Amino acid sequence: MKKIIAILFTILLSANIAYAEKVSMYSKNNGQTIISKEQKTKQLANITPGQKKFIQAGTLFNNKYYQKTIKNLNEIINNKEDPFFWKGYETDLSCVYQLLGMCYLQLQEYPAAELNLQKAIAIDQRNFYAYDSLVEMYHMEKRFAEAKTLAQKEVDLVGQMNGKPYYNLGASLVELKEYEEAISVADRGLKIAPKSYHLQDVKGYALVMSGKAKEGLPYLEYAAKIRAVPEILFHRGCCYEALGEKALALADFKAVIAANENYVEEAKAHLGKKGF
């Protein structure tokens with residue numbers, strides 16, 4: 001299962017917003033959180049060099065300057081005099097290591113990615129963005145059993161407030177061919193996030209792979225309507241194929257190949273079958 005677009009969005013969100021917001025969150029005035037624009041502007045003017053570098057790193061990452069991002073992040077880590085990261089909010093180093101891990105992930109330097117993402121989790125075990133990234137890396141390397149174990153930890157930690165951990169776990173279970181358990185996990189996640197196209201996709205594809213294509217189709221059509229990314233189109237194509245809807249399956253598989261992102265070889269394999 002490929003989730004890189006969603007992960008990149010959450011990483012960028014963290015990189016550009018989190019620290020500016022925390023400046024306001026932790027600034028008090030007579031026991032009240034400072035929330036006015038003027039007060040926020042004043043606080044932002046006083047952010048530390050490390051915070052500035054982190055915001056810059058987010059911009060560099062978004063523009064795919066991964067080596068420059070790595071340089072910025074290592075400067076933050078090595079500057080132990082920074083009053084924000086080392087003199088009061090050390091746990092925010094988790095986000096630094098998280099983004100560092102994502103840089104290495106984009107560069108396909110998986111050992112370095114894993115090391116830094118594990119550091120991020122060790123510092124803050126509730127940093128589910130780091131879990132997302134590490135699960136994604138395990139999927140890239142087809143280490144699905146490890147992805148399952150990590151995703152289960154994520155569910156235990158933050159599953160009561162977020163549907164994404166259930167997607168990570170369900171996607172891992174599908175890859176391990178544990179379809180009934182994947183369906184159960186997706187159902188649990190959909191109670192928390194009923195409109196999640198990720199979870200709709202997992203449940204739909206698990207139903208298809210367990211021989212229940214007719215039941216799975218509405219979930220996959222819902223997911224494709226919201227976000228017709230190659231992964232979902234491939235899954236829906238498999239569903240159409242199972243239902244004997246060859247023309248619709250053909251259209252989805254061709255769309256996957258045309259996108260030239262994920263599931264290209266898998267789509268070509270289906271098109272190579274007799275009958276297409």
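Cysteine 238 is buried in this predicted model, its relative accessible area being 8%. The count of disulfides comes to zero, whereas that of salt bridges comes to 11. The structure also holds four aromatic pairs. The points below treat the cysteines, the aromatic rings and the charged side chains in turn.

**Cysteines**

- Cysteine 238 takes part in no disulfide, and the nearest cysteine sulfur, which belongs to cysteine 239, is 8.7 Å away.
- Cysteine 239 is buried, with a relative accessible area of 0%.

**Aromatic rings**

- Four aromatic pairs are present in the structure. One of them joins phenylalanine 128 and tyrosine 129, whose ring centres are 4.6 Å apart; their planes stand at 40°, so this pair is classed as tilted.
- Phenylalanine 128 counts as buried at 17% relative accessibility, whereas tyrosine 129 is partly exposed at 23%. The two residues receive these labels because the limit for buried is under 20% relative accessible area.
- A further tilted pair is formed by phenylalanine 234 and phenylalanine 253, with 5.8 Å from centre to centre and 50° between the planes.
- Phenylalanine 234 belongs to helix H13 (residues 230-242) and phenylalanine 253 to helix H14 (residues 246-259), so their pairing ties together parts that are 19 residues apart in sequence.
- Both partners are buried: phenylalanine 234 has a relative accessible area of 5%, and phenylalanine 253 has one of 0%.
- Phe234 and Phe253 are also members of a cluster, in which ring pairs link them with Tyr263.

**A charge over a ring**

- Lysine 68 places its charged end over the ring of tyrosine 65, at 5.1 Å from the ring centre.

**Salt bridges**

- Among the 11 salt bridges is one between the side chains of glutamate 75 and lysine 71, with an N to O distance of 2.8 Å.
- Glutamate 75 and lysine 71 are four residues apart in helix H4 (residues 66-78), and about one helical turn therefore separates them.
- Glutamate 75 is partly exposed, with a relative accessible area of 29%, while lysine 71 is exposed, with 53%.
- Aspartate 132 and lysine 164 form another salt bridge, in which the closest N and O atoms are 3.6 Å apart.
- Aspartate 132 lies in helix H7 (residues 128-140) and lysine 164 in helix H9 (residues 164-175), so this bridge ties together parts that are 32 residues apart in sequence.
- Both aspartate 132 and lysine 164 are buried.
- Glutamate 180 meets lysine 212 in a salt bridge with an N to O distance of 3.6 Å.
- Glutamate 180 is located in helix H10 (residues 179-192), and lysine 212 in the loop between helix H11 (197-209) and helix H12 (213-226); the pair therefore ties together parts that are 32 residues apart in sequence.
- Glutamate 180 is partly exposed, with a relative accessible area of 48%, and lysine 212 is partly exposed, with 31%.
- A network of salt bridges links Glu114, Glu141, Arg143 and Glu146.

Methods: Residues are numbered from 1 along each chain as its sequence is written. This is a predicted model: local features need pLDDT of at least 70, side-chain atom pairs count only at pLDDT 80 or more; totals for chains, interfaces and linings use all residues. Side-chain values use heavy atoms; hydrogens and water are left out. Rings of Phe, Tyr and Trp (its six-membered ring) pair if their centres lie within 6.5 Å; planes under 30 degrees apart count as stacked, over 60 as edge-to-face and the rest as tilted. Buried means under 20% relative accessible area, exposed over 50%, partly exposed in between (1.4 Å probe, protein chains only). Helices (H or I, at least four residues) and strands (E, at least two) are DSSP runs, numbered from the N terminus. A charge sits over a ring if NZ of Lys or CZ of Arg is within 6 Å of the ring centre and within 35 degrees of the ring normal. A disulfide is a pair of cysteine sulfur atoms within 2.5 Å. A salt bridge is a side-chain nitrogen of Lys or Arg within 4 Å of a carboxyl oxygen of Asp or Glu.
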